[in-house]
Protein chains: 2
Amino acid sequence: MSELKNVTVIKKANVYFDGKVTSRAVLFEDGTKKTLGVMLAGDYEFNTDAAEIMEMLGGEMTVLIAGETEWKTYQEGTSFKVPANSSFRLKVPVLADYCCSYVK
Amino acid sequence: MSELKNVTVIKKANVYFDGKVTSRAVLFEDGTKKTLGVMLAGDYEFNTDAAEIMEMLGGEMTVLIAGETEWKTYQEGTSFKVPANSSFRLKVPVLADYCCSYVK
């Protein structure tokens, strides 16, 4: 699905790491939320509240989920899940375009 | 208006200037389009096809529209219009969060 239909978009961007990571929230009628974001080259760490499904829309990132020992690389067309109340480390070599779904 | 309601969002980002400028397209039921974007620090030039209204959602940019002689600075809550089939130069000191409306 290349489009998100019948949604509400929060206009103002979320800005992290001096703008090297930015995203915008998309709200669905059923109360669920996704964010569409871009990460520029860098190393990052994020915490989760809800579980997250990260879908790669472009570029790539290499990811280590808390409690795991293996870094895994994800490219356009792939996705990975991060548990609730956890964290994950990311290495972005160039740019990563992603869609993050928050799982209830 | 802090939200865009009943819209379709194209998931994949538009990436310009090595990712220093990124945006996503938002489509309205009436056939109009906006983009929500972030520009990191830098100097940029863009051409217009349709006229554009640039609304500042955060940060600031200093703008020179083709044919004008004065650079003008716009901050959160302000906006400016660029004519159709024109161009504009931008200087972003830190970060600019914007909503661009394409005027038919």
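## Basis of the model

The model is predicted: local features need pLDDT of at least 70 and side-chain atom pairs count only at pLDDT 80 or more, while totals for chains, interfaces and linings use all residues. Residues are numbered from 1 along each chain as its sequence is written, chains are lettered from A and ligands numbered from 1 in the order in which they are written, and side-chain values use heavy atoms, with hydrogens and water left out.

## Relation of the two chains

The same surface serves both copies, as 100% of the contact residues of chain A recur in chain B.

## The interface

In the interface, 31 residues of chain A are in contact with 31 residues of chain B, where contact means heavy atoms within 4.5 Å. The two chains bury about 2400 Å² between them, 56% of it on carbon and sulfur atoms; buried area is the accessible area (1.4 Å probe) that two parts lose on being put together, summed over both. Val9(A), Lys11(A) and Arg24(A) supply 27% of the area that chain A buries against chain B, more than any other three residues.

Across this interface, 19 residue pairs are in polar contact, both residues being at pLDDT 80 or more. A polar contact is a pair of N or O atoms within 3.5 Å; within protein, one must be able to donate a hydrogen and the other to accept it, and residues adjacent in sequence count only if both atoms are side-chain atoms. On chain A, strand 1 (3-10), strand 3 (21-27), strand 4 (33-47), strand 5 (51-65) and strand 8 (87-103) each supply at least two residues of the side that touches chain B. Strands (E, at least two residues) are DSSP runs numbered from the N terminus. Strand 1 of chain A gives the largest share of that side, eight residues. The residues of the side divide into 15 nonpolar, seven polar and nine charged; Ala, Val, Leu, Ile, Met, Phe, Trp, Tyr, Cys and Pro count as nonpolar, Asp, Glu, Lys and Arg as charged, and the others, Gly among them, as polar.

## Salt bridges

Side chains of opposite charge can pair when their charged atoms come close. A salt bridge here is a side-chain nitrogen of Lys or Arg within 4 Å of a carboxyl oxygen of Asp or Glu. Over all chains the structure holds 10 salt bridges, and the count between chain A and chain B is six.

One of the salt bridges joins Asp97(B) and Arg24(A) (2.7 Å, N to O). This pair crosses between chains, from strand 8 (residues 87-103) of chain B to strand 3 of chain A. Lys12(A) and Glu76(B) also meet in a salt bridge (3.4 Å, N to O).

## Strand pairing

Strand 1 of chain A pairs with strand 1 (residues 3-10) of chain B in the antiparallel sense over five bridges; two strands pair if DSSP finds at least two bridges between them. In this part of the model, Leu4(A) stands opposite Val9(B).

Within chain A, strand 8 pairs in the antiparallel sense with strand 4 over 13 bridges and with strand 5 over 12 bridges. In strand 8, Cys99(A) is the bridge partner of Leu36(A), and Lys91(A) is that of Thr62(A).

## A loop residue in chain B

Phe28(B) lies in the loop between strand 3 (21-27) and strand 4 (33-47) of chain B. Leaving aside neighbours within four places in sequence, Phe28(B) is in contact with Leu4(B), Val7(B) and Lys34(B). The C-alpha atoms of Phe28(B) and Asn6(B) are separated by 7.3 Å, although the two residues are 22 residues apart along the chain.

Methods:
Helices (H or I, at least four residues) and strands (E, at least two) are DSSP runs, numbered from the N terminus.
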